[in-house]
Amino acid sequence: GEAQEGGAVCLDGASKLLGLGDVTIADAKADNGGGIYAIARSTVDITDFSITGCTAPRADGGSIGAGRGGGVYITGSSHFKAKNFFLVTNSGTRGGGVFASGESKVELNDAAEVRDCKATTGGGIALEGVGTALTARGKPMVSSIRILNNKAKDSVPDGDNAQRGGGVFAAGEATVELLGDVHIKDCVAGKHGGGVSLQGGSVLTAENNVTFVNSDSETESGGAVFATGDATTVTFKQNVEVLDCTASKNGGGVALESAAKLFASENVRFERNRATSGAGGGVFAGSG
């Protein structure tokens with residue numbers, strides 16, 4: 001399908017989409033929400049569902065505000081909840097897989113995969129604004145959430161945020177919660193935060209078997225995680241591993257700039273991370 005908003009599905013005014021069992025949205029296209037577009041307190045609650053090959057393109061010089069959410073776009077206190085969900089090879093300017101704003105919530109539960117998505121900013125998932133949140137919750141030893149091989153490095157302009165957050169980008173006091181068997185692997189940012197990029201008072205919490213593996217900041221800092229701003233915080237606890245990540249400049253594992261903070265406790269491990277031309281193979285904290 002193709003449309004201006006919601007290439008396959010458009011929900012407005014507290015509408016609901018409930019999907020159970022082997023449903024696929026493929027190769028749909030829209031200015032925003034290539035696959036699904038949900039606004040104004042709408043709800044998406046899906047199980048055994050795939051969104052693949054959907055796009056929200058904005059060419060250079062295209063309409064401002066377009067290009068959000070190659071797979072899914074949600075805003076206006078809407079709620080996206082998915083279980084046994086695959087979001088694969090979707091693309092947009094901001095949020096190749098998912099774009100969320102306006103106090104909206106994204107929940108990925110039990111088993112889910114965000115893979116091979118790409119954007120200029122937030123290759124896998126992009127979050128913006130107070131009250132906007134991603135909660136990813138697997139079941140250790142049973143099922144996992146995987147954010148794999150996503151890229152934030154497209155050339156379409158996106159202001160100062162361009163090429164940040166290969167896996168996840170969060171700005172404007174958004175919240176990222178990775179809670180139980182969540183794995184971010186092989187993600188790449190052209191600039192900051194190969195795995196996750198945080199700014200503007202956003203918060204990342206990773207706990208209970210979370211891994212960041214082989215992610216890369218190609219020209220700047222924060223191979224696994226980049227955080228900037230004095231109200232921006234990163235918390236690692238209860239079995240978190242940062243392994244084999246690389247930054248061109250500072251913080252092969254984690255880079256903290258402009259007074260951003262890292263709290264780590266209860267078995268947190270950094271191994272084989274590299275800052276190839278800067279400082280802090282594992283963790284860097286400074287002015288950048």
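Predicted model: local features only at pLDDT ≥ 70, side-chain atom pairs only at ≥ 80, totals over all residues.
## Starting with a word: buried

A residue is called buried when its relative accessible area is under 20%.

## The neighbours of β30

What joins β30 to the strands beside it? On one hand there is β26 (residues 225–228), which runs parallel to β30 and is joined to it by 4 bridges. Within this pairing, A227 stands opposite L256 of β30.

On the other hand there is β34, also parallel to β30 and connected to it through 4 bridges. Here V254 stands opposite V283 of β34, while E257 has G286 as its bridge partner. In general, strands of a sheet pair through backbone hydrogen bonds, either parallel or antiparallel.

## The sheet they belong to

Now step back to the sheet itself. It is an open sheet of 10 strands with parallel pairing, in the order β2-β5-β8-β11-β14-β18-β22-β26-β30-β34. Which strands stand at its edges? They are β2 (9–11) and β34 (283–286). Each has a single partner strand, so one side of each is left without a neighbour in the sheet. Neighbouring strands of this sheet are turned by 5 degrees against each other on average, with direction ignored.

## The whole chain

How many helices and strands does the protein chain have? The count comes to 0 helices and 34 strands. The radius of gyration is 17 Å, close to the 19 Å that the globule rule gives for 288 residues, so the chain is as compact as a globular protein of that length. Along its principal axes, the C-alpha trace spans about 50 × 45 × 30 Å.

Of the 288 residues in the protein chain, 57% are buried. The chain exposes about 10,400 Å², and carbon and sulfur atoms supply 46% of that area. Contacts can also be sorted by distance along the sequence. Taking contacts with a separation of 6 or more, 85% are between residues 24 or more positions apart.

## Inside: the nonpolar cores

The largest nonpolar core has 56 residues, and those with the most contacts inside it are F80, L108 and F212. Leaving aside neighbours within four places in sequence, F80 is in contact with I36, V44, I46, V72, I74, F85, K105, V106, E107 and L108. Apart from this core lies another one, of 7 residues, including I39, Y73, A126 and F169.

Most residues other than glycine have a negative phi. Phi of N239 is near 70 degrees, a positive value in a residue other than glycine. S258 is not a glycine either, and its phi is positive at about 55 degrees.

Where do they lie? N239 sits in the loop between β27 (233–237) and β28 (240–243). S258 is in the loop between β30 (254–257) and β31 (261–265), which brings us back to our opening strand.

N239 has 37%, so it counts as partly exposed. S258 is at 43% relative accessibility, so it is partly exposed as well.

Technical notes
Residues numbered from 1 in each chain as written. Heavy atoms only, no water. Helix = DSSP H or I, 4+ residues; strand = E, 2+ residues; numbered from the N terminus. Buried < 20%, exposed > 50% of the residue type's maximum accessible area, 1.4 Å probe, protein only. Pairing = 2+ DSSP bridges. Axes fitted to C-alpha atoms, helices over the stretch in contact; angles between N-to-C directions. Core = buried A, V, L, I, M, F, W, Y, C linked by side-chain atoms within 4.5 Å. Contact = heavy atoms within 4.5 Å. Rg over C-alpha atoms; globule rule 2.2 N^0.38 Å. Areas by Shrake-Rupley, 256 points an atom, 1.4 Å probe, with all protein chains shown as cover.
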